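Hi,

Here is the structure I promised to pass on. Have a look at it first, then read my notes below.

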Amino acid sequence: MKVVIQRVSKASVTIDGVKVADISKGVLILLGIVNNDNQDDINWLSNKIANLRIFGDEHGVMNKSLLDISGEAIVVSQFTLQASTKKGNRPSYIQAAKPNVAIPLYETFVNQLEVDLGKKVQTGQFGADMKVELLNDGPVTIIIDSKNKT
């Protein structure tokens, strides 16, 4: 699993003109899934995100986690994170998991993050044409690949 985590002052997801997710201070998580992702990837990544110290403390130092600030989260599925651009100019998405594999893993990831954060996590809609708006705070953007744990 690969994620792009953006610390936000606010973020939202709109589908067909309807706002389906809307948060204030927290993180927007773009999630890309490959075929060999599993529960270990989900558990590790969810715990990492919940405890990642990317929010400022009273001295402005990034010492606080999403848990520490009781921040909110939106998770958006994004298969394009698994793009390969090694050959030619058209990205290849062959590594990205197909919906029959990706949807259950996506839903399990969201559920695990809800457990780790102790609160509801908002989402986009898997496979939908989404309009994602955000105000990146910092800017702070972190990329994590669960296959690179060490």
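Starting at the N terminus, the elements run β-β-β-α-β-β-α-β-α-β-β. That gives 3 helices and 8 strands (DSSP runs numbered from the N terminus: H or I of at least four residues for helices, E of at least two for strands). The radius of gyration (over C-alpha atoms) is 15 Å, close to the 15 Å from the globule rule (2.2 Å times the number of residues to the power 0.38). So the chain is as compact as a globular protein of 150 residues.

One thing to keep in mind: this is a predicted model, where local features need pLDDT of at least 70, side-chain atom pairs count only at pLDDT 80 or more, and totals for chains, interfaces and linings use all residues. Residues are numbered from 1 along each chain as its sequence is written, and side-chain values use heavy atoms, leaving out hydrogens and water.

Buried residues (under 20% relative accessible area, 1.4 Å probe, protein chains only) make up 40% of the 150. Of the contacts (heavy atoms within 4.5 Å) between residues at least 6 apart in sequence, 73% join residues at least 24 apart.

Now find helix α1 (residues 39-51) and helix α3 (residues 99-117): they pack at about 40°, axes 9 Å apart. Axes here are lines fitted to C-alpha atoms over the stretch in contact, and angles run from 0 to 180 degrees between N-to-C directions. Who makes the contact? Ile42 and Leu45 of α1 are among the residues involved, as are Phe109 and Leu113 of α3.

Cheers

Terms used
Buried < 20%, exposed > 50% of the residue type's maximum accessible area, 1.4 Å probe, protein only.
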